[in-house]
Amino acid sequence: MIELRIAQGKNEIHTALLLITNKNKPDFSNFGFSKSEVQVAEKLQEAKKPIISFYGEKQNRYIQFAEDKGQKYLLLEAARKAGATLSNELKSLKYTEIQLQTDSEDAEIVLAYAEGLILAYYNFDKYKKDAKETALKTIHISHIGIDEKMLSEGQNVIDGTIIARDLVNAPFSHLNAEDLGEAVREVGKNAGFKTEVLNQTQLETLRFGGLLSVNAGSIDPATFSIMEYKPKGAVNKQPIMLVGKGVVYDTGGLTIKPTPGSMDSMKCDMAGGAAVIGAMHAIAKSNLPVYVVGLIPATDNRPGERAVAPGDVITMFDGTTVEVLNADAEGRLILGDALAYAKKYNPMLAIDLATLTGAAARAIGQQGIVYMGTASEEIKNNLEESGRQTYERLVEFPMWDEYGEMIKSDIADLKNVASGQSSGAITAGKFLEHFTDYPWLHLDIAGPAFITGQDSYRSKNATGVGVRLLFHYIKNFCS
Ligand code: BES
Ligand code: ZN
Ligand code: ZN
């Protein structure tokens with residue numbers, strides 16, 4: 001783990017980094033650089049060198065540039081990217097502590113720089129025999145605008161993102177539904193929120209028909225995790241609910257995934273659940289004054305003797321009957337139960353996150369989150385703004401009534417796949433809408449949750465998408 005600290009005194013750490021954001025010839029000398037160093041840096045800045053290094057006896061120093069394109073969210077992202085660019089250089093040099101500073105008056109810029117650096121340092125090697133600990137242990141942040149609260153919130157959201165990445169990268173062999181419930185308990189204990197994990201017997205008694213139908217072909221029991229963070233003096237009486245899809249492995253069930261390779265990354269199908277766990281960590285650890293409840297229905301989806309057969313009719317938690325025509329459209333079945341269960345909390349808002357459809361991923365790729373729902377324009381605007389600030393960007397899809405017509409069944413209330421090939425992300429959203437009677441948003445993260453190559457500070461494989469977004473939105477909500 002890499003820890004953030006506020007730098008004490010000036011320039012005492014052996015390795016110092018400076019991020020320049022000011023286009024108008026910054027005054028490097030303010031940061032303890034010599035005249036000749038300044039001249040070199042200015043030359044190399046013109047040549048657009050990403051990192052300028054000065055190796056000295058007392059101190060190694062680096063200068064980087066982040067271009068200010070006029071909008072703050074773009075500068076924040078440029079700062080994260082500069083941090084990521086740096087990570088390769090620093091990794092090979094094995095520094096144990098470094099100091100970060102910037103010419104920007106805005107302390108959020110230097111925090112973003114650290115965030116990009118730490119998130120790019122991430123790698124998942126715990127199953128490797130020769131795994132080595134990262135040398136870097138401490139990042140000292142040197143900025144007059146920074147205080148302990150900002151720093152710890154920055155740390156908590158980075159840690160939450162890493163928790164989510166670790167859970168998503170863990171394969172099914174090491175993380176089944178019960179293990180996910182165990183992870184919920186552990187994070188709750190450490191961050192300070194209440195947890196309850198319903199087991200198979202409880203789910204049967206309570207008739208979680210959607211979740212149990214997906215679990216029917218499995219040899220492992222399903223779980224349903226409930227996380228409650230209700231601090232004294234919370235700004236809201238009715239909770240904000242965070243609901244995450246927890247399919248620990250998706251084979252497609254009896255509608256088994258046909259294309260070669262299409263199943264290979266399906267351990268990522270609990271990325272929504274992982275984002276909820278990571279966000280709950282960051283929120284509770286930062287003591288945000290807000291009442292939040294997290295729900296994660298979890299199971300694997302596989303063919304088995306008792307697996308649901310295409311054409312079967314099941315009864316959901318709320319009594320809705322569903323004709324299951326495609327066992328691979330399982331996410332909506334477990335989320336439908338969770339969203340119906342959420343009603344008993346009388347939420348002011350529920351946000352679900354799910355790797356729900358290939359259609360969402362095909363529509364906008366790994367660059368953003370497809371979202372839709374019934375919450376107010378104000379809530380949508382705020383969430384979209386948080387999406388820009390964290391660069392976990394959102395694009396809204398429509399929820400017109402006509403899409404609802406496409407999931408009506410001949411023999412049950414609903415069917416779990418629409419007639420027709422198109423608009424698959426939306427018809428999945430329409431299915432979920434049926435189980436809500438409160439302001440609600442659905443985030444389809446199938447595109448950005450798990451990526452095939454490193455993209456700056458978004459590490460290859462699990463990205464932890466959703467944690468930074470949710471934390472930013474909820475922090476803004478309560479301040
Ligand atoms: N887990 C998948 C969606 C998915 C696809 C996640 C790619 C991550 C990357 C989901 O359960 C699924 O299989 N959806 C089907 C729905 C279809 C049968 C209506 C899909 O998108 O093909
Ligand atoms: Zn599926
Ligand atoms: Zn799935």
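Which protein donors does the zinc ion (ligand 2) have? I looked them up in a predicted model, where local features need pLDDT of at least 70, side-chain atom pairs count only at pLDDT 80 or more, and totals for chains, interfaces and linings use all residues. Residues are numbered from 1 along each chain as written, chains are lettered from A and ligands numbered from 1 in the order written, and side-chain values use heavy atoms, without hydrogens or water.

Entry on the zinc ion. I found Asp250 (OD), Asp328 (O), Asp328 (OD) and Glu330 (OE) at 2.0 to 2.2 Å from the zinc ion (ligand 2). Donors here are N, O and S atoms within 2.8 Å of the metal (3.2 Å for Na, K and Ca); water is not among the atoms, so sites may look incomplete. I noted the sequence spacing of the donor residues as D-x77-D-x1-E. Asp250 also bridges to the zinc ion (ligand 3), with 3.2 Å between the two ions.

Entry on accessibility. I have Glu330 as buried, at 1% relative accessibility, and Asp328 as partly exposed, at 22%. Buried means under 20% relative accessible area, exposed over 50%, and partly exposed in between (1.4 Å probe, protein chains only).

Entry on ligand 1. I listed its polar contacts (pairs of N or O atoms within 3.5 Å). A ligand oxygen lies 2.8 Å from a side-chain N or O atom of Asp328. For the side chain of Lys257, the distance from a ligand oxygen to an N or O atom is 2.9 Å. For the side chain of Asp269, a ligand nitrogen is 2.9 Å from an N or O atom.

How values were computed: Polar contact = N/O pair within 3.5 Å; in protein donor to acceptor, adjacent residues only side chain to side chain.
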